[in-house]
Amino acid sequence: MKPVLRTLPQLLRLVALTALLGAGVAHAEDYSDITQLLKTGKAAEALVKADQRLAATPRDPQLRFLRGVAQADSGKQGEAITTFTKLTEEYPELPEPYNNLAVLYANQNQLDKARTALEMAIRTNPSYATAHENLGDIYAKLASQAYNKALQLDANSANSVKPKLALIRELFSADAASKSGRPAAAAPAPAAVVATQRPAPAAAAPAPAAPTPAPAAAAAPAPAATPAAAAPAAAPAPAPVAASDASTQAVTAAVQAWAAAWAAKDMKAYLGAYDKSFDPPGNQNRSAWEKEREARIVGKSKISVKLSDIAVSVQGDKATARFRQAYSADALNVTSRKTLDLVNSNGRWAIVRESTGG
């Protein structure tokens with residue numbers, strides 16, 4: 001385990017966002033300038049610049065996010081909490097504002113609120129490593145408080161263990177984009193589009209190895225039965241290739257149908273793409289998860305889901321599909337990596353696990 005006996009300000013660090021917001025394309029230079037001011041400790045200047053830019057584009061999520069970071073760094077904790085809370089309300093798909101709320105709540109020793117915010121971040125993105133790490137620190141702090149209270153220790157000892165939490169500082173990371181090789185996200189498409197990708201052909205079965213000759217005299221003629229014996233071994237080779245190719249195509253079609261149903265806000269088809277054994281994120285039960293998904297999907301005026309770089313692996317009745325997902329809904333535009341685990345249930349591929357990132 002990593003040590004936790006440090007104060008919070010010593011352990012704040014920059015981390016890269018796993019999703020790029022399309023709104024950042026037009027103001028990338030502004031974001032870069034504000035981010036640089038924050039990195040060099042000029043929080044007050046960063047806040048002034050963010051406010052100036054927001055006067056022209058008051059709903060820009062990235063500028064609002066950077067403004068919240070600048071408020072936090074300037075000691076305006078209450079204002080920063082308000083900024084990040086509004087972002088979670090308007091953009092519940094993003095885990096970073098939840099994470100930053102947790103940091104601010106932890107600074108005020110409101111650990112239950114910090115825990116709830118981190119659980120929401122993980123529910124939004126189960127693969128969000130920063131939130132998992134921070135939640136572990138919160139649990140450690142809560143455990144320390146409970147232990148100290150049980151032993152009736154004094155207040156100084158009870159506060160000796162400080163959580164180390166990471167404050168996300170960037171909603172747009174040029175480094176992340178360049179390393180992933182993906183371009184900045186474009187404006188939302190006017191209608192739902194699902195990219196078509198031909199599944200990679202399965203590797204051909206290797207040809208049977210030639211029989212090793214017996215250690216007889218080199219001049220001995222080959223037995224007449226050798227050619228006939230080798231022929232049957234090559235005959236079954238095409239069958240596994242065809243079966244694998246068909247399974248890959250079926251899984252790819254199931255993933256594309258899931259994305260199309262999501263974009264069309266067809267809740268019956270969308271929820272039907274998930275197997276009855278699907279494990280919802282965040283310790284939700286299936287009914288609560290379905291209600292939450294319906295509220296998020298049906299409430300959008302327009303949704304577009306584009307899939308690309310689909311890679312499918314199949315092992316028997318289990319499959320994994322990895323791809324890049326470009327999601328846009330109303331003013332939000334997010335590109336991320338996603339993984340779906342599927343099972344073949346009665347001839348139909350259905351989702352049993354869903355994760356973002358990786």
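A contact, as the word is used here, means heavy atoms within 4.5 Å. In this predicted model, Ser 355 touches Ser 127, Arg 337, Lys 338 and Thr 339, with residues up to four places away in sequence left out of the count. Ser 355 belongs to strand β5, which covers residues 348–356, and because buried means under 20% relative accessible area, Ser 355 with its 7% is classed as buried.

**Overall composition**

The protein contains 13 helices and 5 strands, and of its 358 residues 41% are buried.

**The largest nonpolar core**

The largest nonpolar core has 68 residues, and the members that touch the most others are Val 255, Trp 258 and Tyr 270. Helix α11, residues 238–263, gives the most to this core, namely 7 residues. Since domain 1 (29–181) and domain 2 (241–356) both give residues to the core, it lies between them. In soluble globular proteins, nonpolar side chains tend to be buried together. Beyond four places in sequence, Trp 258 touches Tyr 270, Ala 273, Tyr 274, Phe 323, Gln 325, Lys 338, Leu 340, Ile 351 and Glu 354; Lys 338 is also among the residues touched by Ser 355.

**Helix α7**

Helix α7, residues 129–150, has 22 residues and spans 32 Å from its first C-alpha to its last, close to the 32 Å expected at 1.5 Å a residue. Its buried residues include Ala 131, Leu 135, Ile 138 and Leu 142, and also Thr 130, Asn 134, Asp 137 and Lys 141.

**Confidence of the prediction**

The mean pLDDT of the protein is 74, and 66% of its residues reach 70 or more.

| Element | Residues | Mean pLDDT |
|---|---|---|
| Strand β1 (lowest) | 20–21 | 41 |
| Helix α12 (highest) | 267–272 | 94 |

Over residues 173–232 the pLDDT is below 50, although this stretch has 63 contacts in the model beyond near neighbours in sequence. Residues 237–243 likewise stay under 50, and for them the model has 5 contacts beyond four places in sequence. Where pLDDT is low, the predicted coordinates should not be read in detail.

How values were computed: Residues are numbered from 1 along each chain as its sequence is written. This is a predicted model: local features need pLDDT of at least 70, side-chain atom pairs count only at pLDDT 80 or more; totals for chains, interfaces and linings use all residues. Side-chain values use heavy atoms; hydrogens and water are left out. A nonpolar core is a set of buried Ala, Val, Leu, Ile, Met, Phe, Trp, Tyr and Cys residues joined through side-chain atoms within 4.5 Å. Buried means under 20% relative accessible area, exposed over 50%, partly exposed in between (1.4 Å probe, protein chains only). Helices (H or I, at least four residues) and strands (E, at least two) are DSSP runs, numbered from the N terminus. Domain bounds come from an automatic or database domain assignment. pLDDT is the predictor's confidence in each residue, from 0 to 100. The expected span of a helix is 1.5 Å times one less than its number of residues.
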